Amino acid sequence: MAPTNDVLRGTLDLLILRTLQPEPMHGWGISQRIQQLSREALQVGQGSLYPALQRLEQRGLIVSEWSASDNNRRAKYYRLTASGRDALGEETAQWRRYVAAVEHVLEGA
Amino acid sequence: MMRALRRALYAVRGSMRQVRALLQKRKVERELAEELAHHVAMETEQNLARGMAPVEARRAALVAFGGVERYAEQVREARWTRWLEDVAHDVRYAWRTLGRSRAFTLAVVVTLGLGIGANAALYGLVDALIFRTPAGVPPSDALVRLESGRLNRLAYADLVDVRHGAADVIDIAGYQGTAVGLTADEPIRVDAQLVTGNFFDVLGIAPARGRFFVPSEDEVRARDAVVVISHHIWQLQFAGSDDVVGSTIGVNGHPFRVIGVAPAGFRGLKVDELADAWLPFMTQPLTMPRTYDVLNDRSVPLVDAVGRLRAGVTGEGAEAVLQGAVARLPEVKRFDVPRLTVTPLRGWVPVSDLSSEAATMGFALILTVLVLLMCCANVANLQFARSLGRRREIAVRLALGAGRGRLVRLLVTESLLLACAAGTLGVLLSFWLAQWLQVRFGGPFAALDVSPHARTLAFTFVLAVAAGFAFGLAPALRAARPGLMPSIKGSDLERPVGTRLRGMLVGAQVALSVVLVMAAGLFVVRMDQIGDIDPGFDAGRLVSFSVDLHANGYDEARRGEFFEELRRRLQTLPGVVSVAAPTYVPLTWGAVGMSVSKATGAADAAAGFEFASVAGVSGSFFTTLGVTPMRGRTLDDTDMRADRKRAVISEALARRVWGDASPVGHTMELDGDVVEVVGTIDELSLGNLADPSPMQVYLPENKHVQWAAQNVLVRTAGPPAAVMPRIRSELRRMDSSLPVFEVKVLSEEAERQIGTQRVLTRLVGMFGLLALLLAALGLYGVIASTVAARTREIGVRMALGARGRDVTRLFVAKGLRVVLYGVAAGMLLALGMGRLISSIVWGVQPFDPVVLAVTALALLAAAAVASWLPARRAAKVDPMLTLRQE
């Protein structure tokens, strides 16, 4: 993945929120899922993932709790809050608007 | 709306987590490690599933993850509590570093502590004078002062009317200062206050014993002879005994009943007259029968007023009602039309009355601030020098990625830590210093409450932090500058910018020391002058004391008889040589009868006029003092009763008006009166040793003295202390209720006046020396580090043929140049301050050329030594060694 900056940081947040929408997941699971869903195009740098999870938790969009994973290991699971769900909708809309705008500029000029 | 609320709630929860992270640091760190380890483990498993060997699998996982610690670090960075952790870390690091250089830390803390302490002490006194309610009075928002017109006072009758008119909104009390003689066993004279019946209620004070006045006791003229005494006098004169309440004591000879004792610490509301007794206004005809009628006369305002606002009333509201009451006052001729304003009762004096103290306080404040600035400049210099030594460490930090701001923060934390330590020391010092000042200088300071108060502590704290930034910021910014390569390699080329800043600092220090050293010099010169003054008489055999006959009800005729009798009796006592009863006694301020008037040679109107000090004396005055005339004769008893006024004048006045011709037998005009000169004497020291008033006229005792206490001057054969008890018992036999006060042996009085001057001189002298030392140290530091930094250059110079002497001269010249600028700036500053100085110390000429020259020389000499010592070391540099080092 390209070096982190604000736009990409925001994008990562969006991806994480989307990934968590169906079910709670732990960190590694999230990174795997993103990789999968993007058809191997996006590989979340672990250095970006955990700080991003931290940020989202700070903003109150996700919460975490320790529990046993599939192979009976202790893992930290994250899930969306109601607030997170709202944010997901907003951020998605914002992203789409952003993409459309960039497209217009690329076509128009 | 709901959405926002929810988000806020979750954000709070999120923040709570952060706080939890801070508090349970270890647990949270462990969890983070666990989470990351889990990630790596899962990745490893996946790799294994793909068919990698176990070791390979783990390694690949770790590589993919890319440095666990770095990511852990980034995660930690994301927390806002990181900032707090950083600060805590900085403080711990600063603590350790300072602990290692103990000498430096100690020197800085002590120097700064002294500077801060002095400032805090002075501020404490000023605060107590201006902002705190007077001692013993519980602070209250409802307590106000009524200020009126120019004198801030009202006439009593006006006060009573206004009080009735505004009774709905405010409870007004009045007080007036006076002095009375109290007689229990011994008659003593105390400062007292006439007060309205509600005085203590308005102030909200509770008695220590007995009770205070009830309103009925202040209603009828001269009916209720009751008095409240102070805690101080209760302990002193009545030994704190419980049966003082209800007992009868004499007040100006009249029997009064003591009804109560005021609480400890309360001495009334006048800072320069600490009261020991309070009497209702209505008793004034009893205690002061021959004085001016305070109760009825509306023409002169004499009464101060305070008040307590009723519940729910504001200051503005009260003012409006008061204006109405004032408008309804009867139309009579008044000195000043009352225009009442209401101000909160804070501090001892209305701020408008402070002007007389302001000059002295301002001077003292400037001195202490200057010293603090100098301390800061010195510490800044020390910090500079120290950071030069740490250059390598700082360069390495910068190379490892520390941000410049972070580094500056680290260094400033060190300075702040030092400043806080110094501040704590300063606080402790300031309490001790304030109390010492109170004891040493007494006067209005004695009444002030200098106990610890939030405001003074806050002031000290702010001062310490400001000082910390003042001396810490510049060196820190300098030190954290990038430009790493030279530092790491080890060849520290001193860049000119660094020395210039330090040089300016030293220059500033020198300028400040010039001011202080000059002030010290002026004081020393003054001391010298005072020491040389001859009072004009043998002060060791003269004692004076005062009695207030007027207060005890003696009229003019009785007074005359009293003194005749007294003189007769005292002269029969063994050890007494001569007795006089002048209205003025040399070296004391007891002279109320003195006035300044115009004297002119009546024969020649064009001779101009002079202002002279005039005193009324009795026939035996000159013999008692032991003064012989220089020309003509002194006054004797016949002159007392002569038709034409006769006078003795001082030589200085004679010379001014008549030149070398003898004035004896000539006449002069004194405020319209024609007076014949019978003789001249050498000037006497009037009032104060340091106060030159050489134009003096002595007339036969003038009769218009009404309120003044009467002075008695006694010349004794041996030490006066031996004779005083006999004099006292004689007086007691004549009138047992007459207090004898202000007993002074004139030589002790002279000593005391010189003594205060001496303490002041020593204090300023100490400041001056301290300043000089600090400046010299600063200069030494700068030159020394310059030499150390330019060792290579010196080596090159010497290899190219320069001798040791040349190198030394180079650096000494450098040092002197800095100092020269500083001295020039300092001189300008000092000349500007000259007027301030001469308003404090009378008779001092601020532009004394000798003092200026000596100051400049002293500083240049100090600078020469301070630069020569390190410069000498430069001369010893071995060019071979230094050149080979590179």
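Let's start at Arg92(B), which sits in helix α5 of chain B; helices here are DSSP runs of H or I with at least four residues, strands are E runs of at least two, and both are numbered from the N terminus. This is a predicted model, in which local features need pLDDT of at least 70, side-chain atom pairs count only at pLDDT 80 or more, and totals for chains, interfaces and linings use all residues. Residues are numbered from 1 along each chain as its sequence is written, and side-chain values use heavy atoms, without hydrogens and water.

Arg92(B) is exposed, at a relative accessible area of 53%; exposed means over 50%, buried under 20% and partly exposed in between, with a 1.4 Å probe and protein chains only.

Now step inside, to helix α7 (residues 156–165) of chain B, whose buried residues are Tyr156(B), Ala157(B), Asp158(B), Leu159(B) and Val162(B). What do the buried residues of α7(B) pack against? Their partners in chain B are β2 (170–183), β9 (304–309), α11 (315–327) and β10 (340–344), where a contact means heavy atoms within 4.5 Å.

Ala864(B) is partly exposed, with a relative accessible area of 26%. Between Ala864(B) and Ala776(B) there are 88 residues in sequence, yet the C-alpha to C-alpha distance is 9.2 Å.

Finally, let's view chain B as a whole. Chain B holds 27 helices and 21 strands, and 49% of its 886 residues are buried. Of the contacts in chain B with a separation of 6 or more, 80% join residues 24 or more positions apart.

Technical notes
Chains are lettered from A and ligands numbered from 1 in the order in which they are written.
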